[in-house]
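Hi there,

Here is the structure I promised to pass along. Have a look at it first, and then read on for what turned up.

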Amino acid sequence: MVTIGTWNLENLFRPGEGSGPDSSTEYEKKLESLAETITNLGPDVLAVQEVGDPAALEDLAGKLQRTWRTALADPDGRGIRVGFLSRSAVTKVEEIVDFPEGFSPVQINDKGEIIEQMGRLVLKVRVRKDGAMFDIVSVHLKSKLLSYPGGRFSPRDEGERTRYSV
């Protein structure tokens, strides 16, 4: 059995960087809290979101019991990344930006133009555990209240809601 989890780490930056904590004490408390929860959950692989500094993810991995491997995508426009913490080796790492086949209903913006790429990178990796290989993806979905043209918080129709939520 493989246990997989996902967690938005909420701006995991080192102190004084990006949206990171103001002090080393605050940073260490955050790492300790994250490490304790990850240890208690016991995932084999954890997809992560909002990693600002790759070194901060390495700091977190160093707080975990046993050896953990990391993989990260390139940063988005805000300077944050998606990635993985894995107890097993991570192979076949692939960044995905283009929409997969079959997503055409959500690839049209409100001007009728076709959108070719997602707004945030997706990271796909292959992990092996107990002789079995599996592929897993980490995505950073929009979690805030959606807003629409003209400052509206309600969509005109289901198509608009789908396009903006993607």
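**What turned up**

Among the contacts in the protein with a separation of 6 or more, 60% are between residues 24 or more positions apart. Please keep in mind as you read that this is a predicted model.

Now for the overall layout. The protein has three helices and seven strands, and from the N terminus on the elements follow the order β-α-β-α-β-β-β-β-β-α. The C-alpha trace spans about 50 × 45 × 25 Å along its principal axes. Of the 166 residues, 33% count as buried.

Next, the pair of helices H1 and H2. Two packed helices are described by the angle between their axes and the distance between the axes. Helix H2 covers residues 54-63, and H1 packs with H2 at an angle of about 55°, the axes being 9 Å apart. Because of that angle, H1 is oblique to H2. The crossing in which H1 passes H2 is right-handed. On the H1 side, the contact is made by Tyr27, Glu28, Leu31, Glu32, Leu34, Ala35 and Ile38, while H2 brings Ala56, Asp59, Leu60 and Lys63. Sorted by class, the contact of H1 with H2 has seven nonpolar and four charged residues, with no polar ones.

Two single residues are also worth a look on your screen.

Asp44 sits in the loop between helix H1 (24-41) and strand E2 (45-51). Is Asp44 buried or exposed? Its relative accessibility is 10%, and the cut-off for buried is under 20%, so Asp44 counts as buried. What does the side chain of Asp44 reach? It reaches the backbone nitrogen of Thr3, at 2.7 Å.

Arg128 belongs to strand E6, which covers residues 117-129. With 48% relative accessibility, Arg128 counts as partly exposed, since that class lies between 20% and 50%. Leaving aside neighbours within four places in sequence, Arg128 is in contact with Ser88, Ala89 and Met133. If you want to find Thr162 from there, Thr162 is 34 residues from Arg128 along the chain, and the C-alpha atoms of the two are separated by 34 Å.

Happy browsing, and do write back with any questions.

Best wishes

Key:
Residues are numbered from 1 along each chain as its sequence is written. This is a predicted model: local features need pLDDT of at least 70, side-chain atom pairs count only at pLDDT 80 or more; totals for chains, interfaces and linings use all residues. Side-chain values use heavy atoms; hydrogens and water are left out. Helices (H or I, at least four residues) and strands (E, at least two) are DSSP runs, numbered from the N terminus. Buried means under 20% relative accessible area, exposed over 50%, partly exposed in between (1.4 Å probe, protein chains only). A polar contact is a pair of N or O atoms within 3.5 Å; within protein, one must be able to donate a hydrogen and the other to accept it, and residues adjacent in sequence count only if both atoms are side-chain atoms. Axes are lines fitted to C-alpha atoms, for helices over the stretch in contact, and angles run from 0 to 180 degrees between N-to-C directions. Angles under 35 degrees count as roughly parallel, over 145 as roughly antiparallel, 65 to 115 as roughly perpendicular and the rest as oblique. A crossing is left-handed if the near helix is turned anticlockwise from the far one by less than a right angle, and right-handed if clockwise. Contact means heavy atoms within 4.5 Å. Ala, Val, Leu, Ile, Met, Phe, Trp, Tyr, Cys and Pro count as nonpolar, Asp, Glu, Lys and Arg as charged, and the others, Gly among them, as polar.
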